[in-house]
Amino acid sequence: YQKSSRLAKQLAQDISANIKSDDIFHFRRGTGGGGTNNNNLLLLVVDRMDDPVTPLLSQWTYQAMVHELLGLNNNRVILRGVPNVSKDLEEVVLSSAPGHDAFFQSHRNSNFGELGEAIQKLLQDYQARSQQHQVSNLKSIEDMQSFMEKYPELRSESHTVSKHVAIMGELARLVEVCSLMDVSAFEQDLACTDDQGSHLKELMSKLD
């Protein structure tokens with residue numbers, strides 16, 4: 001473990017104690033004889049506070065992108081001024097609390113690519129449901145009653161779909177305008193390889 005970190009030391013000691021007391025790890029210790037198999041595993045515990053690079057990398061999950069690119073305060077996102085956003089979507093709520101927004105609760109940690117596919121499916125499902133309840137399809141009193149019972153649910157679903165489509169559209173626009181794909185690729189290269197000369201040249205070219 002990292003000697004300078006009290007938390008890393010405590011965690012390493014706790015893990016070691018659990019391994020020694022738990023039967024499921026016995027097969028890892030070998031059967032005696034002084035062979036090398038007794039000490040062939042190593043777990044290195046490092047304090048995240050000593051990792052200054054990773055927190056600076058661009059985040060590509062739904063909630064993290066909203067935080068960084070749009071701002072998320074008290075579960076509210078301000079879309080006022082965003083191109084082609086209707087007035088009722090200028091301020092929207094994003095909450096992962098149960099019963100508030102099932103889509104956000106399920107996909108707040110989805111990456112950007114997965115998110116696009118999920119929103120597309122959300123829109124397709126809504127379109128299919130709304131077509132089933134079009135006025136032209138109401139043939140009986142029972143159909144009308146069923147429509148009126150589900151109308152509030154459809155309105156709520158419509159707002160949810162519109163909200164996520166609007167947010168995704170703005171995120172996609174900012175990714176393109178700010179060249180975030182290229183920036184993120186450079187960040188990953190900067191964090192994972194040691195080539196200061198070429199990194200400096202590439203950084204200066206991006207700043208020009």
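This is a predicted model: local features need pLDDT of at least 70, side-chain atom pairs count only at pLDDT 80 or more; totals for chains, interfaces and linings use all residues.
1. Helix geometry. Helix α6 spans residues 180-192 and helix α7 spans residues 196-207. The two pack with their axes 11 Å apart, at an angle of about 160°. Angles over 145 degrees count as roughly antiparallel, so α6 and α7 are roughly antiparallel to each other. Their crossing is left-handed.

2. Helix contact. On the α6 side, the residues that meet α7 are Asp182, Phe186, Asp189 and Leu190. On the α7 side, they are His199, Glu202, Leu203 and Lys206. By class, this contact has four charged residues, three nonpolar and one polar. The nonpolar class takes in Phe and Leu, which applies here to Phe186, Leu190 and Leu203.

3. Pocket volume and lining. The second largest pocket holds about 180 Å³ of space. Its lining consists of His100, Asp101, Ala102, Phe103, Leu122, Ser156, Glu157, Thr160 and Val161. By class, that lining has four nonpolar, three polar and two charged residues.

4. Which helices supply the pocket lining? Helices α3 (102-107) and α5 (141-177) each supply at least two residues of the lining of the second largest pocket. Of the elements involved, α5 gives the most, with four residues. Ala102 and Phe103 are among the lining residues, and both fall within the range 102-107 of α3. Ser156, Glu157, Thr160 and Val161 also line the pocket, and they fall within the range 141-177 of α5.

Conventions:
Residues are numbered from 1 along each chain as its sequence is written. Side-chain values use heavy atoms; hydrogens and water are left out. Axes are lines fitted to C-alpha atoms, for helices over the stretch in contact, and angles run from 0 to 180 degrees between N-to-C directions. Angles under 35 degrees count as roughly parallel, over 145 as roughly antiparallel, 65 to 115 as roughly perpendicular and the rest as oblique. A crossing is left-handed if the near helix is turned anticlockwise from the far one by less than a right angle, and right-handed if clockwise. Contact means heavy atoms within 4.5 Å. On a 1 Å grid over the protein atoms alone, a cavity is a set of points where a 1.4 Å probe fits but cannot get out, and a pocket is an open set with protein on both sides within 12 Å along at least five of seven lines; lining residues have an atom within 4 Å of a point. Grid points are joined across faces, edges and corners, and a volume is the space filled by probe spheres set on the points.
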